[in-house]
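Reader: I have a structure on screen. Please show me how to read it.

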Amino acid sequence: MFDWCVDPKSLEGASWLACYLTTPKHANFYISFFTVIGLLLVTVPPILLFGFAGAFAKRAAFAPIRWIGSLYTTMVRGVPDIVFFLFVPIALDQGIEYLRHKTLCREQTGSVWQGNDFVVCAAAKMPLGPSEQWVHDMYGFALAVIAYAIVFGAFAANIIDGALKAVPKGQIEAGQTIGMSPRQILWRIHLPQMWVYALPGLSNLWMILIKATPLLFLLGVEDVVYWARELGGMKTQAFAYPHPDWRVWYFGVLLIFYLFLTWVSQIGFDRLTARATRGMAVAR
Amino acid sequence: MNFLKLAGAAIMGVAIAGTAMAAGHSVRMGTEGAYPPYNFINDAGEVDGFEREMGDELCVRAQLECTWVTNDWDSIIPNLVSGNYDTIIAGMSVTSERDEVIDFTNEYIPASPSYYVALAGEEIDLTGGVIAAQTATIQANHIAASGATLVEFATPDETIAAVRNGEADAVLADGDYLAPIVAESNGELAIVEQVAIGGGVALGIRESDGELKAKLNAAIDSMKADGTLNAMLAKWFTENPPQW
């Protein structure tokens with residue numbers, strides 16, 4: 001970074017630290033904070049999508065759809081997160097590669113399962129072997145987003161279902177008496193009034209989601225925890241910047257980061273709640 | 001960083017990749033990146049170490065285009081088998097249990113002893129005490145069989161920290177990994193005993209990948225024959241380097 005950093009082992013004190021904190025490896029650490037924030041922002045729309053789909057499935061008039069909704073929320077909420085995070089991305093990845101293998105490499109008739117190996121032809125690999133590393137990273141990130149959306153969507157479905165039920169029946173009936181169609185009642189009365197009941201539950205879910213982001217590390221995404229552990233570990237003379245075990249400092253930084261995230265989120269949710277409560281006959 | 005843009009680019013990239021056929025023969029080298037001097041992430045954020053230098057030379061000799069990826073030690077074999085990368089080059093000793101699941105090339109580091117390391121000046125009961133080792137290593141198996149209480153850690157770094165903070169009485173790991181750590185501990189750590197466990201170190205590959213194995217074997221043999229492998233071993237393993 002700085003031009004005096006050419007020979008780190010001859011440096012001392014503040015100049016050593018300045019060089020140490022600006023290595024490309026530390027840049028990876030700083031970028032990983034944005035990976036975490038990016039994951040949080042990217043997963044919210046699919047989580048709400050799964051949530052609304054699950055909630056409306058549970059309320060459907062047609063019984064089989066109701067069963068699917070109940071099965072989804074019950075099953076996903078019952079299985080430990082960590083099992084899901086390990087299972088969903090691997091199953092998705094192998095499923096995609098299996099389908100691509102079947103369509104792109106029809107001449108190969110052997111099974112893709114050869115003993116312990118899962119072997120698909122080179123053209124069916126996802127992403128392709130020679131792809132740039134960032135393509136592999138984005139693919140892993142996308143699988144992670146889907147896994148988070150499925151798991152947290154099941155919780156969101158229950159929250160939204162409960163909030164829809166909590167809207168007073170009189171409000172709906174008032175809509176019917178003035179001749180609104182079911183669609184109008186849904187969009188003008190039911191959904192706008194639902195938020196005030198859903199927000200406390202959704203804010204809980206958001207806080208849990210923030211704290212679940214270190215699970216990214218399990219999926220091979222190099223997140224803040226990976227880099228904190230990697231940078232903080234003791235470094236021998238084989239490294240340009242040898243130092244003893246400094247993990248406590250790096251994890252201290254993570255502590256502050258996560259506290260900051262949850263603090264900002266709380267402010268945001270307070271504002272959303274104030275907005276959703278406007279003109280509503282609910283006690284604050 | 002604009003993630004929407006990145007995500008969009010990724011989708012396009014996948015779409016393009018989906019229509020184009022695989023170009024060139026590219027090999028993904030899987031390593032742990034946490035086991036100096038075998039392999040580690042250097043301050044430029046890249047894989048470095050003995051295995052990086054040797055692996056790059058192997059790829060030149062075998063005329064392969066190689067990219068390096070890191071993976072947790074714990075899941076390094078499952079991810080090879082499911083095709084996330086094509087080789088394991090991570091200081092992995094050849095054992096019969098591993099050989100049932102994956103295949104190994106010719107060895108590139110001869111069998112070298114493992115060390116028990118503890119705080120200097122302490123009396124350690126190696127068969128009854130608490131000994132730390134990395135999960136799923138030959139050393140962990142050795143401790144479990146010796147009668148001592150085994151505590152396992154996901155990374156080698158944590159096994160050393162466990163000895164320093166008193167959680168474990170001693171650590172058992174490859175001597176080539178521990179030697180520089182002991183030498184740089186200013187007398188805090190000491191080697192208690194050396195034991196010979198396990199065979200040499202080789203690249204792990206899928207059992208169905210015979211062609212790659214043949215290419216890598218030829219490259220390893222040629223590096224042994226002209227002495228470059230011994231020179232690299234002497235460069236990276238400064239204390240009693242293993243030699244062919």
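**Reading chain A**

Author: Start with the order of elements: from the N terminus, chain A runs α-α-α-α-β-β-α-α-α-α-α. Helices (H or I, at least four residues) and strands (E, at least two) are DSSP runs, numbered from the N terminus. The model is predicted: local features need pLDDT of at least 70, side-chain atom pairs count only at pLDDT 80 or more, and totals for chains, interfaces and linings use all residues. Residues are numbered from 1 along each chain as its sequence is written, with chains lettered from A and ligands numbered from 1 in the order in which they are written.

Reader: How many helices and strands does chain A have?

Author: Chain A has 9 helices and 2 strands.

Reader: What percentage of chain A is buried?

Author: A residue is buried if 20 or more other C-beta atoms lie within 10 Å of its own, with C-beta atoms placed from the backbone. In chain A, 28% of the 284 residues are buried.

Reader: How are two packed helices described?

Author: By the angle between their axes and the distance between the axes. Axes are lines fitted to C-alpha atoms, for helices over the stretch in contact, and angles run from 0 to 180 degrees between N-to-C directions. Take helix 6 (residues 169-177) and helix 7 (residues 182-212) of chain A: their axes come within 10 Å and cross at roughly 165°. Angles over 145 degrees count as roughly antiparallel, so helix 6 and helix 7 of chain A are roughly antiparallel to each other.

Reader: Which residues of helix 6 of chain A make the contact?

Author: Q171(A), I172(A), G175(A) and Q176(A), against I185(A), I189(A), H190(A) and Q193(A) of helix 7 of chain A. Contact means C-beta atoms, placed from the backbone, within 7 Å.

Notes
Buried ≥ 20, exposed ≤ 12 C-beta atoms within 10 Å, placed from the backbone. Parallel < 35°, antiparallel > 145°, perpendicular 65-115°, else oblique. Contact = placed C-beta atoms within 7 Å.
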